[in-house]
Structure formats: C-alpha cells, structure tokens
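User: I would like to learn how to read a few features of a structure. Please take them one at a time.

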Amino acid sequence: MADQNYDYDVLVIGAGPGGYVAAIRAAQLGLKTACAESRDTLGGTCLNVGCIPSKAMLHASEYFDAAANGAMAKMGVEVSPKLNLEAMHGQRLDAIKQLTGGIEFLFKKNKVTWLKGRAAFEDAHTVKVGNETVTAKNVVIATGSSVTQLKGVEVDNAKGVVVDSTGALELAAVPKKMVVIGGGVIGLELGSVWRRLGAEVTVVEFLDQLLPGMDGDVRKEAAKIFKKQGMELRLSTKVTACTVKGKKATLTLEPASGGESETLEADCVLVSIGRRPNTEGLGLDAIGLEPNQRGQIETDHDFRTKVATEHGGVWAIGDVIPGPMLAHKAEDEGIAVAENIAGQTGIVNHAVIPSVVYTWPEIAGVGLTEEQAKEKGEVKVGKFPMLANSRAKTNHEPEGFVKVIADAETDRVLGVWCIASVAGTMIAQAAQAMEFGATSEDIAYTCHAHPTHSEAIKEAAMAVTGKPIHM
Ligand code: FAD
Ligand code: NAD
C-alpha cells in the first residue's frame, strides 16, 4: 500500500528501457508504482524507433547482402535474392508489436499502472499526466532523448527525402543515392542497412575519423572496412546547407576547417548527428531543477536530483542524465534507482558499460580506449587478428581484431575492443571480467570453448604479457 499521503510510492515518467525497468523493479520491491508515457506504446525509443527496429532491419538486410554479395555462394549456396521491402518492414513492425506488447504484459503482471499522456511537474510530488493529476512520494524522470536537429537541414520523415533515424527505418523504397550526415553509430548502422539493400551511401563526418569515443585502432580499421564495403567516407567535412526540390536533395559541403564548398545530390539524406535529452514541457521550473549546459539532468551517484525532500523526491536515469545514451545503461540505472528508492543499495559501475555498433562486422568495446588508458599511466596491449581465429576463418569472416589493454604494473584489464562478426556477444565476457577486476592473465588462463570467436579474446589477453599460440 502506498504512503497514505500520496497516490503512489513511485511515479516513473517515461516507459523506455530506463523507465519501464525502474517501474517493474519498484513494483517487484513492493512499492505502489505508476509509469506515465506519452506514446501509444511502451518501450520508449529503444523498442519503438531505436535498438529493436534497427536490429530487425540490420539482421534482415544482412541476409540479403550475404545472398547478393557472393558470401553465400562461397559456401556453396547459390541464390539470387529478390527484395520484398514490404515484408522486411512487416517483420520489423511485428518485432516492435510483440516486444512493446511484452512490456504491457509485464506491467500488468507486476501491477504497474500505466498512465497514458504527457507528464509535467506541478511540484516535486505532484505531476499532471494528460488531464489527470497524481501525487507520488518519489518521481523518476526517465524521459529519454530525441534527435538533434542540424541547422539548415530540415527533417521531413513523411516526405522521406531528408529523414532522421525514425524516417530512415521506414523508407518505402531503397534510395539510389543516400547521404548520411554523421559517421556515428546511427549513421553507420542505418547507412549499412540501405547500402546492403542497394543504395550508394556517402557518409559525411565532421571529425577526421568515424565513431568518436571509440578506440583509435578500432576507428581506423572500421573506416577501412566500410570503405571496402562500398561506402564513400567524406571525413573532416561539414554540411552547411540543404535544399529539397521534389524528391531530390542538394547538400552544400565544406571542409570542416573552412574552405571551398561543393554540392552533393541525394535521393535521401539521413541526419544522424547525435541526440539530446528530453526535458522540454516537463515543468522542471516548477520544481526548481535546471538542466546543465548539455541539456542533461544532473544526479548524484544514487540517481537522486537536487530536488529531494524528507518525503522522497525527484530522481533521474537513462538518456536524460549524463553518460552514454545506451539502452542497457538506462536499464541498469532503472534497477538501481528503484532499489535506492526502496532503501536498498543500487549501484551502476559506469566504468564498465559496453558499447556495440551492430554493423557487419560488429564493433564493440568496454572500458578505456588505448588513448585514454595511456593518459592515466603505462599500459600493455595485446592484439589478435580474427584472421587467425579458426572459427572466424572457417566462417569466411576474417576481418577485425581483438585488443586487450591492461595496466602495465598490475596487469588489471582496463579496456577491451573488438571488431568481429559477433563482437557484440563477445564483449560480454570482457565486461564481466572487468567487473570482477580481472587481470589479462585471468582471461588468458580461462578455458574458452573451441572453435569460437571468443577464443580471440583469450589469445589477445595472452598477447598482453606473453605470446598467443595461433600467431
Ligand atoms: P527512451 O527510450 O527515449 O524513453 C523515454 C520515453 O519517455 C519515451 O517513450 C517518451 O515518449 C517518454 N516521454 C518523454 N517525455 C515524456 C513526458 N513528459 N511524459 C510522458 N512520457 C514522456 N541503444 C543501445 O543500447 N543499443 C542499440 O542497439 C541502440 N540502437 C538505437 C538505434 C536508434 C535508431 C536509436 C535512435 C537509438 C538507439 N539506442 C540504442 C539508444 C537507446 O534507444 C536509448 O539509449 C534508450 O532508449 C534510452 O532509454 P531511456 O529509457 O532513457 O529513454
Ligand atoms: P553519435 O554521437 O554516435 O554520432 C554523431 C556523429 O555525427 C559524430 O561522429 C559527430 O562527430 C558527427 N557530427 C556532429 N555534427 C555533425 C555535422 N554538423 N556534420 C557532420 N557530422 C557531424 O550520434 P548518433 O549516431 O546520432 O546516435 C545517437 C545516440 O544513440 C548515440 O549516443 C548512441 O549511443 C545511441 N545509439 C546507440 C546504438 C547502439 O548502441 N548500437 C545505435 C544507435 C544509436
């Protein structure tokens, strides 16, 4: 039963992976819980227009590409693929429907009340959701993020010429020429989808390398791989204008450091230059909370904002607070915040949050990059190429490598980076090892099943202080 002064013990605003997980955990811990969501479905960006639909298109287009580019023929399976884009979109929509419906089921099962509508604070314990006003002892802001707009480039998803990630998931036809603005995670994942299905893809990136934040070797190798796959990369370049006439866009490009401009035509332009926290219309001024310069809500280690009273208070998690904008980071924060509200000790180790780019091959990392690690002290690095991994070689997946970075003195693992067909799955063992404070020797002397791609992590760990066997 809720504290009698309030309708709920916990009201979560936003039902993305941060919010829905927080609500379920709070209910599991015996707290009377509601979750406000302004979309018609639960699951937030991730399930509706993010992680899940993008993976549905990536997975399906991978099959098409393998059939079209000769990868299947190499293994003795000769086929001529025919694209049924409507069916491909159909399976994407089906995945969304099943998974968002699954969250609805979990809400019912755990007795979480779904309040439908946009929420705005009236005070720290009173929130208007649509036309209803509810009170809660604790309010968790989990409002997520939205696409960052680029000045001079107007997105119109319905028209389908200049789109953001949501529009790029839903294109009704394969564009002949697609320009992706921003060589980050979304640009490379969704650019890969449409390249595989037949589009000529040019990526325009402001920086001199793709994938900011990732390890330097990984960024360089990724650029080589994407170029080999046929993507044109225009690094150190910015887009300064975009005009749309009918179904064609003309972009004006300039060197990032300034200089002569040129134009580039496209049937489709994807704007993917980052995302910004959702705080507009939330009534933060009513509770005296101001976002920081990056628009994020600051919290302490327990996810408590500065608006906290002796009767609970306002907490925040997920994309709306500082840190990587990742679903699993939001989920872990959701569990931790609920446990903290319930008086337990909820902790997220932000030093060990894996990140994965679901391209082909996949790109994954956890912990420090080699550059960051070297800034902190002396390191030892072990590398192992996927070409020398028996399973990757047998599967005709020779591209990529694993890199293990360890403290030179203590041998403690500081970071692991991989490019491999299944790097996203491989990185879990590195995260777990780091969470347990493993040394490279611990990984090197852990028995890994043969033949698996994961053996490359063992061999890279062996290379930190000694020698791998298969090189
Ligand atoms: P969100 O998922 O954004 O959910 C917030 C919810 O709050 C939304 O449903 C919104 O409608 C609701 N809301 C906002 N304001 C209000 C209000 N005032 N009242 C009521 N409701 C409100 N991350 C990964 O880890 N892996 C991936 O593979 C991955 N792929 C992605 C692909 C794409 C194309 C995109 C765009 C993102 C991807 N992400 C991925 C990022 C991931 O989606 C986010 O990090 C994650 O969804 C953040 O979760 P969240 O709960 O903080 O917010
Ligand atoms: P991002 O930050 O990953 O990449 C944006 C890129 O755009 C950067 O490389 C940046 O240098 C570049 N850029 C910025 N302004 C530019 C300009 N004017 N011209 C050209 N380039 C410019 O952002 P994103 O790809 O939009 O993704 C947003 C968020 O969603 C990310 O934080 C990411 O973590 C999350 N996401 C995660 C996954 C995943 O985990 N697989 C997938 C998709 C999205």
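Analyst: What follows goes through the ligand sites, a hairpin, charges over rings and backbone geometry. Keep in mind that this is a predicted model.

User: How many residues surround ligand 1, and which are the closest?

Analyst: The shell around ligand 1 holds 38 residues, with Glu37, Thr45, Lys55, Ala119 and Ala327 the closest. By class, 16 of the shell residues are nonpolar, 16 are polar and six are charged.

User: Which polar atoms does ligand 1 meet, and at what distances?

Analyst: Pairs of N or O atoms within 3.5 Å count as polar contacts. On the backbone side, a polar atom of serine 38 is 3.2 Å from a nitrogen atom of ligand 1, and an N or O atom of alanine 327 is 2.8 Å from an oxygen atom of the ligand. Histidine 328 contributes a polar side-chain atom, 3.3 Å from an oxygen atom of ligand 1. As for cover, the protein buries 94% of the 990 Å² that ligand 1 exposes when taken alone.

User: Which elements give two or more residues to that shell?

Analyst: They are α1 (17-28), β2 (33-37), α2 (44-49), α3 (51-68) and α8 (327-341). The largest share, four residues, is from α2.

User: What surrounds ligand 2?

Analyst: Ligand 2 has 22 residues around it, and the closest are Ile186, Glu189, Glu205, Gly274 and Val356. That shell divides into 13 nonpolar, five polar and four charged residues. Helix α6 (residues 185-196) supplies the largest share, three residues.

User: Where do the oxygen atoms of ligand 2 meet the backbone?

Analyst: Isoleucine 186 has a backbone N or O atom 2.9 Å from an oxygen atom of ligand 2. For glycine 274, the distance from a backbone N or O atom to a ligand oxygen is 2.9 Å. A polar backbone atom of valine 185 is 3.3 Å from an oxygen atom of the ligand. On its own, ligand 2 has 850 Å² of accessible area, and the protein covers 79% of it.

User: Now the strands. In which sense do β4 and β5 pair, parallel or antiparallel?

Analyst: First the general idea: side chains in a regular strand alternate between the two faces of the sheet. In this model, β4 (residues 119-123) and β5 (residues 126-129) pair in the antiparallel sense, over four bridges. The two strands form a hairpin, with two residues between them.

User: Which rings have a charge over them?

Analyst: The test asks for a charged end within 6 Å of the ring centre and within 35 degrees of the ring normal. The charged end of lysine 32 sits over the ring of tyrosine 8, 5.1 Å from the centre. Lysine 383 lies over the face of phenylalanine 401, and there the distance to the ring centre is 4.3 Å. As for pairs of aromatic rings, a search of the whole structure finds zero.

User: Which peptide bonds are cis, and which residue has a positive phi although it is not a glycine?

Analyst: Most peptide bonds are trans, and most residues other than glycine have a negative phi. The bond from tryptophan 360 to proline 361 is cis, with omega near -10°; proline 361 is in the loop between β19 (355-357) and β20 (362-367). The bond from histidine 450 to proline 451 is also cis, with omega near -5°, and proline 451 is in the loop between α12 (440-444) and α13 (455-465). The positive phi, about 60°, belongs to lysine 111. Lysine 111 lies in the loop between α4 (85-110) and β3 (113-116).

Key:
Residues numbered from 1 in each chain as written. Chains lettered and ligands numbered in written order. Predicted model: local features only at pLDDT ≥ 70, side-chain atom pairs only at ≥ 80, totals over all residues. Heavy atoms only, no water. Phe/Tyr/Trp six-rings, centres within 6.5 Å; stacked < 30°, edge-to-face > 60°. Pairing = 2+ DSSP bridges. Near = heavy atom within 4 Å. Polar contact = N/O pair within 3.5 Å; in protein donor to acceptor, adjacent residues only side chain to side chain. Areas by Shrake-Rupley, 256 points an atom, 1.4 Å probe, with all protein chains shown as cover. Nonpolar A, V, L, I, M, F, W, Y, C, P; charged D, E, K, R; others polar.
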